[in-house]
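Student: Could you show me how to read a protein model, one feature at a time?

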Amino acid sequence: MEHHPAAARLTEAAANAVHQHGSGNLLRIVLVVMVLGCALTAWFLMSGYKRKDD
């Protein structure tokens, strides 16, 4: 088993998704990752506001 960096595996998976099912699934994957990233960023930023510096 060869060692592949995570970015190479993700790129390969995205390329396979495009070839197998067209660009619709790739767009869904990109949108889901984008929404999850935005939610995680919002949670991280908002968790900093909860702390009180008394």
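**Reading the model**

Tutor: The protein has two helices and zero strands, where helices (H or I, at least four residues) and strands (E, at least two) are DSSP runs numbered from the N terminus. This is a predicted model, in which local features need pLDDT of at least 70 and side-chain atom pairs count only at pLDDT 80 or more, while totals for chains, interfaces and linings use all residues. Residues are numbered from 1 along each chain as its sequence is written, and side-chain values use heavy atoms, leaving out hydrogens and water.

Student: Is Ser-47 buried or exposed?

Tutor: Buried means under 20% relative accessible area, exposed over 50%, and partly exposed in between (1.4 Å probe, protein chains only). Ser-47, found in helix 2 (residues 23-50), counts as buried because its relative accessibility is 18%. Buried residues make up 4% of the 54 residues in the protein.

Student: Which backbone oxygen lies 2.8 Å from a polar atom of the side chain of Ser-47?

Tutor: That oxygen belongs to Phe-44.

Student: Why does Trp-43 count as exposed?

Tutor: Trp-43, which also lies in helix 2, counts as exposed because its relative accessibility is 59%. By contrast, Val-30, placed in helix 2, is partly exposed, because its relative accessible area is 45%.

Student: What separates the C-alpha atoms of Val-30 and Ala-14?

Tutor: These C-alpha atoms are separated by 9.3 Å, and the two residues are 16 residues apart along the chain.

Definitions and conventions. Polar contact = N/O pair within 3.5 Å; in protein donor to acceptor, adjacent residues only side chain to side chain.
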